[in-house]
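Please keep the sequence and the structure in view while going through them.

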Amino acid sequence: MLHEYRDLIAELRQSDNHFARLFNEHNALDEEINRMESDPAISANSHQDIERKKREKLALKDELYVLLQKAAG
């Protein structure tokens, strides 16, 4: 995620609690989506839930990107 900001992400995760919380939420959603998509029983029954989680994850990524741009100044 946003590899060009790798160093700044590491810095903000240590210094900005809000950024760290959003980053952790994004990663948790990513793991949950991957788990759901890899389990055929869940995937077949939860397509709408997976899509909702993907939208949530994208919204978090957008918010993180805005914070990164501001910090990069």
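1. Along the sequence, this predicted model follows the pattern α-α-α-α. Its secondary structure comes to 4 helices and 0 strands. The radius of gyration is 14 Å, well over the 11 Å that the globule rule gives for 73 residues, so the protein is more spread out than a compact globule.

2. Taken along the principal axes, the box filled by the C-alpha atoms is roughly 45 × 20 × 15 Å. Of the contacts with a separation of 6 or more, 60% are accounted for by residues 24 or more positions apart.

3. Helix 4 covers residues 47–72, 26 residues in all. From its first C-alpha to its last, helix 4 reaches 37 Å, close to the 38 Å expected at 1.5 Å a residue. Just after helix 4, Gly73 takes a positive phi of about 60°.

4. The buried residues of helix 4 are Ile50, Lys53, Leu60, Leu64 and Leu68. An α-helix has 3.6 residues a turn, so residues three or four places apart point the same way. The cover over the buried residues of helix 4 includes helix 1 (6–15), helix 2 (17–38) and helix 3 (40–45).

5. Across the protein, buried residues make up 26% of the 73 residues. The protein exposes about 5,100 Å², of which carbon and sulfur atoms supply 47%.

6. The protein has 11 positive and 15 negative charges. The mean positions of these positive and negative charges are 2 Å apart.

Methods
Residues are numbered from 1 along each chain as its sequence is written. This is a predicted model: local features need pLDDT of at least 70, side-chain atom pairs count only at pLDDT 80 or more; totals for chains, interfaces and linings use all residues. Side-chain values use heavy atoms; hydrogens and water are left out. Helices (H or I, at least four residues) and strands (E, at least two) are DSSP runs, numbered from the N terminus. The radius of gyration is taken over C-alpha atoms; the globule rule is 2.2 Å times the number of residues to the power 0.38. Buried means under 20% relative accessible area, exposed over 50%, partly exposed in between (1.4 Å probe, protein chains only). Contact means heavy atoms within 4.5 Å. Accessible areas come from the Shrake-Rupley method with a 1.4 Å probe; for residues, only the protein chains shown count as cover. Lys and Arg count as positive and Asp and Glu as negative; His and the chain ends are not counted. The place of a charge is taken as NZ of Lys, CZ of Arg, CG of Asp or CD of Glu. The expected span of a helix is 1.5 Å times one less than its number of residues.
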